[in-house]
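The structure comes next, and the text then starts from a single residue.

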Amino acid sequence: MSSDEDKGMEPDVLASSLREGLEETQDLLDFLAMKFEGPLSHLMTVRRKGGLFSKKSSVHEITLRFDDRHFQISRDSRGFVSAKIMKEVRGIVLKTELVEVEEWIRHLAQELARQAERSAAMRSALSQFILE
């Protein structure tokens with residue numbers, strides 16, 4: 001792995017990439033779904049909501065699952081966004097922590113960087129994410 005790729009896998013760079021996309025789109029859930037559906041689709045569940053006659057369904061909830069940590073972000077019916085980090089052991093959620101969106105982004109970026117250290121496939125997926 002080159003030094004440029006090493007820098008791209010740092011949590012600060014990943015978090016910055018997530019924040020930058022939010023500033024451009026103004027909708028974090030739609031942005032995350034769009035960015036992660038390709039490279040991280042095997043780790044992600046996206047729930048969309050749309051009315052019977054609506055042309056576009058919006059993202060209602062995203063869950064990213066890494067080993068024993070799950071990251072969930074959702075929008076309620078009033079449009080408020082909430083973020084959770086869950087600790088799971090053998091299919092049972094032992095702890096759910098409600099966090100601010102900025103903190104959620106930071107923890108997600110740290111987890112993505114950890115995963116990239118362990119897996120060449122994840123490193124490649126995250127490189128794709130950063131470059132898009």
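At its relative accessibility, does Ala 125 count as buried or exposed? Ala 125 counts as buried, because its relative accessibility is 8%; buried means under 20% relative accessible area, exposed over 50%, and partly exposed in between, with a 1.4 Å probe and protein chains only. Ala 125 sits in helix α5 (residues 120–131). Leaving out residues up to four places away in sequence, Ala 125 touches Pro 39 and Leu 40, where contact means heavy atoms within 4.5 Å. The C-alpha atoms of Ala 125 and Pro 39 are 4.8 Å apart, although the two residues are 86 apart in sequence.

The model is predicted: local features need pLDDT of at least 70 and side-chain atom pairs count only at pLDDT 80 or more, while totals for chains, interfaces and linings use all residues. Residues are numbered from 1 along each chain as its sequence is written, and side-chain values use heavy atoms, with hydrogens and water left out.

**Overall fold**

The protein has 5 helices and 5 strands, in the order α-α-α-β-β-β-β-β-α-α from the N terminus on. Helices (H or I, at least four residues) and strands (E, at least two) are DSSP runs, numbered from the N terminus. Of the 132 residues, 39% are buried. Among contacts between residues at least 6 apart in sequence, 41% join residues at least 24 apart. The accessible surface comes to about 8,000 Å², and 49% of that area belongs to carbon and sulfur atoms; areas come from the Shrake-Rupley method with a 1.4 Å probe, and for residues only the protein chains shown count as cover.

**The sheet**

The 5 strands form an open sheet in the order β1-β2-β3-β4-β5, with antiparallel pairing; two strands pair if DSSP finds at least two bridges between them. Strands β1 (44–49) and β5 (92–99) stand at the edges with a single partner strand each, so one side of each has no neighbour in the sheet. From one strand to the next the twist averages 20°.

Strand β3 pairs with β2 over 6 bridges in the antiparallel sense, and with β4 (residues 81–89) over 7 bridges, also antiparallel. Phe 66 stands opposite Arg 69 in β3. On the β4 side, Gln 72 has Lys 84 as its bridge partner, and Ser 74 has Ser 82. The hairpin of β2 and β3 has 2 residues between the strands, and Asp 67 there takes a positive phi near 40°. The hairpin of β3 and β4 has 5 residues between the strands, with Gly 79 at a positive phi near 95°.

Because 7 of the 7 residues of β3 are buried, this strand is largely enclosed by the rest of the structure. Arg 69, Phe 71, Ile 73 and Arg 75 are buried on one side of β3, and His 70, Gln 72 and Ser 74 on the other.

The angles are between N-to-C directions, from 0 to 180 degrees, with axes fitted as lines to C-alpha atoms, for helices over the stretch in contact.

| α3 (residues 28–36) | β1, β2 (58–66), β3, β4 | about 55° with β2 |

Helix α3 is mostly covered, with 7 of its 9 residues buried; among them are Leu 28, Phe 31 and Lys 35.

**Aromatic rings**

Rings of Phe, Tyr and Trp (its six-membered ring) pair if their centres lie within 6.5 Å; planes under 30 degrees apart count as stacked, over 60 as edge-to-face and the rest as tilted. The count by this rule is 2 aromatic pairs. The Phe 66 and Phe 71 rings have centres 6.0 Å apart and planes at 75°, so this pair is edge-to-face. Phe 71 and Trp 104 are also edge-to-face, at 6.3 Å centre to centre and 75° between the planes. This second pair links distant parts of the chain: Phe 71 in β3 (residues 69–75) and Trp 104 in α4 (residues 101–118) are 33 residues apart. Phe 66 and Phe 71 are buried, and Trp 104 counts as buried at 0% relative accessibility.

**Nonpolar core**

A nonpolar core is a set of buried Ala, Val, Leu, Ile, Met, Phe, Trp, Tyr and Cys residues joined through side-chain atoms within 4.5 Å. The largest one has 26 residues, of which Ile 62 and Trp 104 touch the most other members. Elements giving two or more residues to this core are α3, β2, β3, β4, α4 and α5; the largest share, 6 residues, comes from α3. Apart from neighbours within four places in sequence, the contacts of Ile 62 include Leu 29, Leu 32, Ala 33, Val 46, Phe 71 and Ile 73.
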